[in-house]
Number of protein chains: 4
Amino acid sequence: MTRVGIIGGTGYTGGELARILSTHPDVEIAAMTSRQNAGAKVSDIHSYLKGYVDITFTEKISETKDLDLVFVATPHGVAMSEVPALLDQGIKAIDLSGDYRLHDVSVYEKWYGHKHTDTENLPKAVYGLPEFFRDEIRGADLVANPGCYATSIILACAPLLKSGLVEEDVIVDAKSGTSGAGMVPSQRTHHSTCGESIIPYSVGSHRHTPEVEMAVDRFASSHMNVTFVPNLVPIVRGIISSCYFDLKGDCTQEEIDEVYEGQYGGERFVHYVKEPSIRAVVGSNHAQVSSRVIGGKVVSFGVVDNLVKGAAGQAVQCMNLMLNNKENAGLDMPGLGV
Amino acid sequence: MTRVGIIGGTGYTGGELARILSTHPDVEIAAMTSRQNAGAKVSDIHSYLKGYVDITFTEKISETKDLDLVFVATPHGVAMSEVPALLDQGIKAIDLSGDYRLHDVSVYEKWYGHKHTDTENLPKAVYGLPEFFRDEIRGADLVANPGCYATSIILACAPLLKSGLVEEDVIVDAKSGTSGAGMVPSQRTHHSTCGESIIPYSVGSHRHTPEVEMAVDRFASSHMNVTFVPNLVPIVRGIISSCYFDLKGDCTQEEIDEVYEGQYGGERFVHYVKEPSIRAVVGSNHAQVSSRVIGGKVVSFGVVDNLVKGAAGQAVQCMNLMLNNKENAGLDMPGLGV
Amino acid sequence: MTRVGIIGGTGYTGGELARILSTHPDVEIAAMTSRQNAGAKVSDIHSYLKGYVDITFTEKISETKDLDLVFVATPHGVAMSEVPALLDQGIKAIDLSGDYRLHDVSVYEKWYGHKHTDTENLPKAVYGLPEFFRDEIRGADLVANPGCYATSIILACAPLLKSGLVEEDVIVDAKSGTSGAGMVPSQRTHHSTCGESIIPYSVGSHRHTPEVEMAVDRFASSHMNVTFVPNLVPIVRGIISSCYFDLKGDCTQEEIDEVYEGQYGGERFVHYVKEPSIRAVVGSNHAQVSSRVIGGKVVSFGVVDNLVKGAAGQAVQCMNLMLNNKENAGLDMPGLGV
Amino acid sequence: MTRVGIIGGTGYTGGELARILSTHPDVEIAAMTSRQNAGAKVSDIHSYLKGYVDITFTEKISETKDLDLVFVATPHGVAMSEVPALLDQGIKAIDLSGDYRLHDVSVYEKWYGHKHTDTENLPKAVYGLPEFFRDEIRGADLVANPGCYATSIILACAPLLKSGLVEEDVIVDAKSGTSGAGMVPSQRTHHSTCGESIIPYSVGSHRHTPEVEMAVDRFASSHMNVTFVPNLVPIVRGIISSCYFDLKGDCTQEEIDEVYEGQYGGERFVHYVKEPSIRAVVGSNHAQVSSRVIGGKVVSFGVVDNLVKGAAGQAVQCMNLMLNNKENAGLDMPGLGV
């Protein structure tokens, strides 16, 4: 059994990692840290883990020996203070924050507003989107797990960009459930604020913009322009990103369908469908992608559960690759559907 | 025009008061205070008041002269530091917090956990439920506006208690939308916590329990036992309180219907209906009450918009009585329905 | 008092018309028709109208004499069988369906899939968006009340188009609450389907597309291309339409702000704001518009309550113009805010 | 591998059975029937099953040979026309409708309003609540799977009744998500009706009343009086039933805690907790139970996912017992938590 740890076990992503890993056939959760809950039983804080996780929160990951891999599920800015020590001890690391996603330090510092303190390991980090970077992830010691918005957007956009059928300029109108904002209460995620509203926020200034640009640039011939408008919507789990492109020339629905089926036909977790459904993926590591030609434009939808394929599930999928497990080990569960 | 002020204009209740008073034919909003927003235009903070309220938040109510009546929409414990100065200057006051609802100081201090510092005015406060205490409110200088839960419960229970048909012991299972918890974010009202859940809280220890007991005692022959379990439900506005009684003896549905129709047949804002509906009252000062015999028991439902009939609307109704306006002035608007 | 009637009084729009008109100072609701509820008291079907509307549903509008104006709140295809008789008798009519919105019969028949049977009156119908067609509405006998999506989109787009600052090609990603779909249950509006989902539908084929194109063409120099993707979102009331344009050249946020403030600065019901809010307009005839430059693009948001400014409220605003009432008569009420 | 079939594969319960069984280690889904979708791929109708269920809907279960066990997930009244043929062929059956829950035919016919046509097999049906009737289920050929409300109520009430600490008269105020009402749209489950409301329904006349009474009678000394008021709440999955008892005499919280811990301490799927949480069980076969003394009364809460422990999950748990699988086979997955 591989011994894994989770730094930041109190938050939604940390809890979700534990939920998934607790039934994983090849892995043992050896440690979960929490500053605020150190000393408490994990299942007293997360009652849904009763009978599944029987350990106690520790304050520091270094209190636990013989770890093989650690998930870092802390806020931005904290992860980069944890990763160096892990790598130094030969422990593989998967960072679920934004700290290792942007390879250009100046871009990071501009969007996140603070210094990057681990520029040594930054270039080693592999972007953990298995459907596109499977081989690099296999050999990685450090994986930067994609953001939830970025995952949904890249899954929707990359096949089209690779196909060359569209202009390299995209408008993304994304809608996210509130769990994407994490467990810390705020005015925007206060139920009375958002429960009967749709709230566009960080219009043109959301931190996932450079992440998406960096990722899709790999598939574009030149620098890709991304106009990104996220919206908070009153659902708990789920993201749907609607991505609008201009077609370069005439193009039929059938040609578009072929592009996506060619890309995802063999994938376990990404499905190309006629009508995308958030409920079909919620609770699972599955994503749905859909695309429709409208006149000279095409709209592509990317749908994920932000906490699973958009965070913890994708991190476990990366872990499976890094450890040479079956890629779907511990993740083979359909979405709720209803 | 009567000149009124609102202490605590940033919160939900303060904003709702302004919303209602802004179109009131007999009243001018002369002052709104806010510690955090002093100096800002009210309609920049509450954008729904654009075109309706054109004043600026002040820090203290004493900055505005010639006020006739002031609404105190502050948290518990603050109101009692504002009311004495108002009354001393001959300004009538309506307190929307819990500070003047419980006439027994020791009960107040037990449930609220701090000293009561205005025991002089406490006995003068009239409980502001017009349908039952109309005459006392008319002559009052200080009104303690009922809590939202208490309003829904008393409207449902009082007619039955007065009728003598039921035992004086009631189980209240109440369900409240999140705006009843106010505008300050918390873990419980965080959308990801409550958006897809029903959360019983303060089981047996909610502060509205003694308020309800005190109010219903007036209609009971002896001390009334209230078992009160509130639940947070994922709607923004609205309360439905389900009140369960044992019938003393045989009793038909028709007898129960007569009791309620006798009580509320002439009321403008309380309606006895077959099937109670939260949406029918939301956005309005109306309440719906319904009652059903089930074997040897009876369940009575009380439904209000917690911010209107459960707070600001009822306060305006009390104001109308205190000022000899028409009781429904400024309040004559049906609920949304949908 | 003007005597008005409502054809189709059972549905959401018919009920909302009654809700608004019941407190209108210049109008009396003399008739409401309903095929399914003929003979029933209106307030027994719509319990929120208890105390406000005291009439009984009739089967046909012709049963009521001396009407001055009739609102037609029936489904598409029915209105055009009611309007001719009204106009023949000299009764003004406001149609809230899509029957009189498209002046080109062939466009109507293509998108609605049936013949238009009143091509005589079709050319006389004035498009009822007061902020842009005020003078035409004043003189009209027949008004085609805009659709809810179209209202939100035109309010957001027209000022930009008139300014000439943007390319005449717009992507509209609109999000609507479920009441926009009406009161008839369907699989898509079933709570278990949509309650925790965001559902794009009628992608590229929604009937409001030609309506929006026709309306915005009036402000564009040539034919406007509209790519319209509506989404069903789990809120009851409210629409936000996000409209994406390419800027023709360099343009600052300040220039954009000036365009909108110039357009709407004097309007009672449309407000240009920094952060648009659905809750600020819900329950009211107010709209909010917001616009933000992002690189070489601009996104403009239009927000309305689909049942009020998007339907019944706007119809009453048109009625006020047609009858020479004050334009805001009966409509002066702020949005709920919370 | 055991070959199982599902009659009624289109509905929520049928789909949920397939979702759970598709990853069950000991079982193969050999058949799913659907009148309306016969001939269609299951995963084209339920897109969440893509990659998990690769069969096609058939019209009749008899088209598939060599079945070992069949789940009957049809509406009430249909199951009893399917079960006899199954049992005749030696196929075990688990009925998820209400047809075999009430052993007294006259009670069934009174509450369901039609004849019972399989009175021969009715007495053989075992009530499928494993935590209380484990041994009987092991030997059964026909299991009547409990209703979702009944499951939540019995789990909350049975330990107290067995303890003798409470009077045998209970008030149940239950709150259910909309998926409990099934997939057929109706006015009550229309989003605009229920999305911002709490709707008590079938007050005193819900069909689960006799089921609960029959079940709890087994633990009571005499006939138990159940006052049952269900409420529709705007969540998709989840039930919380709040059960109010009078205590017979003095009783401490600790005594109550011991009763429940004694009952459920060794159970895999039922947990006694301080604060019950719907989200902690959603998506899983787990239940949470909580109980609190309030003066001379006690309130006990029972929480389940209505589609899992309240339907399909419990049916699979019963199947495991009937087939001598591990009781938790295929069901070992924590609730979503968030």
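User: How does B:His103 count, judged by its C-beta neighbours inside 10 Å?

Analyst: This is a predicted model, in which local features need pLDDT of at least 70, side-chain atom pairs count only at pLDDT 80 or more, and totals for chains, interfaces and linings use all residues. Residues are numbered from 1 along each chain as its sequence is written, while chains are lettered from A and ligands numbered from 1 in the order in which they are written. A residue is buried if 20 or more other C-beta atoms lie within 10 Å of its own, exposed if 12 or fewer, and partly exposed in between, with C-beta atoms placed from the backbone. B:His103 has 14 such neighbours, so B:His103 counts as partly exposed.

User: Which residues does B:His103 touch, not counting residues up to four places away in sequence?

Analyst: B:His103 sits in the loop between β4 (92-95) and α4 (105-112) of chain B; helices (H or I, at least four residues) and strands (E, at least two) are DSSP runs, numbered from the N terminus. Contact requires C-beta atoms, placed from the backbone, to lie within 7 Å. With residues up to four places away in sequence left out, B:His103 touches B:Leu122 and B:Pro123.

User: How many Å apart in space are B:His103 and B:Pro185, C-alpha to C-alpha?

Analyst: In sequence, 82 residues separate B:His103 and B:Pro185. In space, from C-alpha to C-alpha, the distance between B:His103 and B:Pro185 is 31 Å.

User: Which strands of chain D are the edge strands of the open sheet of six?

Analyst: The strand order in this sheet is β2-β1-β3-β4-β6-β5 (chain D), and the pairing is parallel. Two strands pair if DSSP finds at least two bridges between them. Pairing on one side only marks the edge strands of chain D, β2 (27-33) and β5 (126-127).

User: What angle does helix α11 of chain D make with β4(D)?

Analyst: Strands β3 (residues 69-72) and β4 (residues 92-95) of chain D pair in the parallel sense over four bridges, and D:Val72 has D:Asp95 as its bridge partner in β4(D). Helix α11 (residues 308-322) of chain D packs on this sheet and touches β3, β4 and β6 (142-144) of chain D. Axes are lines fitted to C-alpha atoms, for helices over the stretch in contact, and angles run from 0 to 180 degrees between N-to-C directions. The direction of α11 makes with that of β4(D) an angle of about 160°.

User: In β10(D), what is the bridge partner of D:Val172?

Analyst: Strand β7 (residues 169-176) of chain D has seven of its eight residues buried. β7(D) pairs with β9 (residues 225-232) of chain D in the parallel sense over eight bridges, where D:Asp169 stands opposite D:Asn225. With β10 (residues 239-246) of chain D, β7(D) pairs in the antiparallel sense over six bridges. There, the partner of D:Val172 is D:Cys243.

User: Which strands of chain C stand at the edges, each with a single partner strand?

Analyst: Seven strands of chain C form an open sheet of mixed pairing, in the order β8-β9-β7-β10-β13-β12-β11. Within this sheet, β10(C) and β13(C) run antiparallel and are joined by eight bridges, with C:Val299 as the partner of C:Tyr244. Two strands have a single partner, so one side of each is left without a neighbour in the sheet: β8 (199-200) and β11 (270-272) of chain C.

User: Within what arc do the buried residues of α5(C) fall, seen down the axis?

Analyst: In helix α5 (residues 130-138) of chain C, the buried residues include C:Pro130, C:Glu131 and C:Ile137. The arc is that of the directions from the helix axis to the C-beta atoms. The buried residues of α5(C) line one face of the helix, because they fall within an arc of 50°.

User: How many residues of the side of chain C that touches chain A are nonpolar?

Analyst: The contact involves 31 residues of chain C and 31 residues of chain A. Ala, Val, Leu, Ile, Met, Phe, Trp, Tyr, Cys and Pro count as nonpolar, Asp, Glu, Lys and Arg as charged, and the others, Gly among them, as polar. Apart from nine polar and six charged residues, this side of chain C has a nonpolar count of 16.

User: By what turn can chain D be laid on chain B?

Analyst: Copies are superposed by least squares on the C-alpha atoms of residues with pLDDT of at least 70 in both. Chain D falls on chain B with an RMSD of 0.0 Å, a shift of 0.0 Å along the axis and a turn of 180°.

Terms used. Contact = placed C-beta atoms within 7 Å.
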